[in-house]
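Subject: The structure we talked about

Hi there,

Here is the structure I promised to pass on. Please have a look at it first, and then read my notes below.

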Amino acid sequence: MENDSRKYPCSYCLLPQITNIQYYKKMKKLKYILLFRILVNCNRNEEISSISIEKKGHPNKYISKIFDYQPAVGQYINIYPEYKNGDTEEIILNKVNLALVNNKQDIVSLGGFGGYIIFGFDHDIPNKAGRDFKILGNAFNGSAEPGIVYVSNDENNNNLPDDIWYEIAGSEYLKISTIKNYKITYTKIDKHYKWIDNQGNSGVINKNDFHQQDYFPLWKNKKQLTFEGTKLENNFTENNSIWIGKSLDFGYADNAPNDSEASNFDISWAINSDGKPANLHKIRFIKVQTGIHQIAGWLGEVSTEIKGAEDLHSE
């Protein structure tokens, strides 16, 4: 039903008007609830500011809550979401919730390798035939920034993502170039960001010409961040100063356009720490972590971005 801004004499006149709405009886039979936001002044100018319909007990197919947001160093940090002086971790987390919950589809950047986000749904997503959930990013053909995906079930029934995480084994999982348990530490030094990993490598991340704000999350009361996870092989290549980010075959976030089957995931791809199928019947929580550690020239670091997620089985 569309919003109705018509004016009625007063609140008690609302019921007769609603009974004339087409399909009302059918809605009642299906146990729908009509929710009305009404200006409660009983006068001739009373206005119904909005009318919405919600099916009782119907699960929300989109993200219902962001539980954690821990970005790494990146050119979009402090922009998506925007940091304002004095913002605390709690305030930033609230901004991320406002950006993504209920299919808002604003952009949230995870920064370079290791940065992650954890979100959940108000119901279990079942493992059915075919693919079960979608993760929205801002990838397009020639610009993929793959993120590793983990899933978890609410085994202890406390509505918190504190149970075992299972990695989604995407197309690159078994490749020799994929490094498990890759660990990196970023250190803020003046206007530069030094990094060192557990493979004997180190380097510096410099600001590019497009973004001159601080790349380190300013709400953090520290100058060093450490992340660990699965690292994928660099996917950006350069030709005559044009950088192309290749999409991987399947199983990664921000890896393909949102309307592509490649942005959908099958719970059956989840594996345990031994690399064996987890055989999950359902999940409740999802974690996405930037899986590439690469500076793509003038484009800057490869950083996974998230715009939302949805249960493909819910209507």
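Predicted model: local features only at pLDDT ≥ 70, side-chain atom pairs only at ≥ 80, totals over all residues.

Residues are numbered from 1 along each chain as its sequence is written, and side-chain values use heavy atoms, with hydrogens and water left out.

The whole protein

The protein has 3 helices and 19 strands. Both are DSSP runs numbered from the N terminus: helices are H or I with at least four residues, strands are E with at least two. Of the 315 residues, 48% are buried, meaning under 20% relative accessible area, where over 50% is exposed and in between is partly exposed (1.4 Å probe, protein chains only). The accessible surface is about 16800 Å², and carbon and sulfur atoms hold 48% of that; areas come from the Shrake-Rupley method with a 1.4 Å probe, and for residues only the protein chains shown count as cover. Among contacts (heavy atoms within 4.5 Å) with a separation of 6 or more, 74% join residues 24 or more positions apart.

Strand 6 (residues 133–136) pairs with strand 15 over 2 bridges, and two strands count as paired if DSSP finds at least two bridges between them. Lys134 has Asn264 of strand 15 as its bridge partner.

Asn255

Asn255 sits in the loop between strand 14 (242–245) and strand 15 (264–265). Is this residue, Asn255, buried or exposed? Asn255 is buried, because its relative accessible area is 1%. A polar atom of the Asn255 side chain lies 2.8 Å from the backbone nitrogen of Leu248. Not counting residues up to four places away in sequence, Asn255 touches Ala139, Ala144, Pro146, Lys246, Ser247 and Leu248.

Ile205

Ile205 belongs to strand 11 (residues 202–205). With 6% relative accessibility, Ile205 is also classed as buried. Beyond its neighbours within four places in sequence, Ile205 contacts Val73, Tyr186, His192, Tyr193, Trp195 and Ile295. Lys188 is 17 residues from Ile205 along the chain, and their C-alpha atoms are 9.7 Å apart.

Best wishes

Conventions:
Polar contact = N/O pair within 3.5 Å; in protein donor to acceptor, adjacent residues only side chain to side chain.
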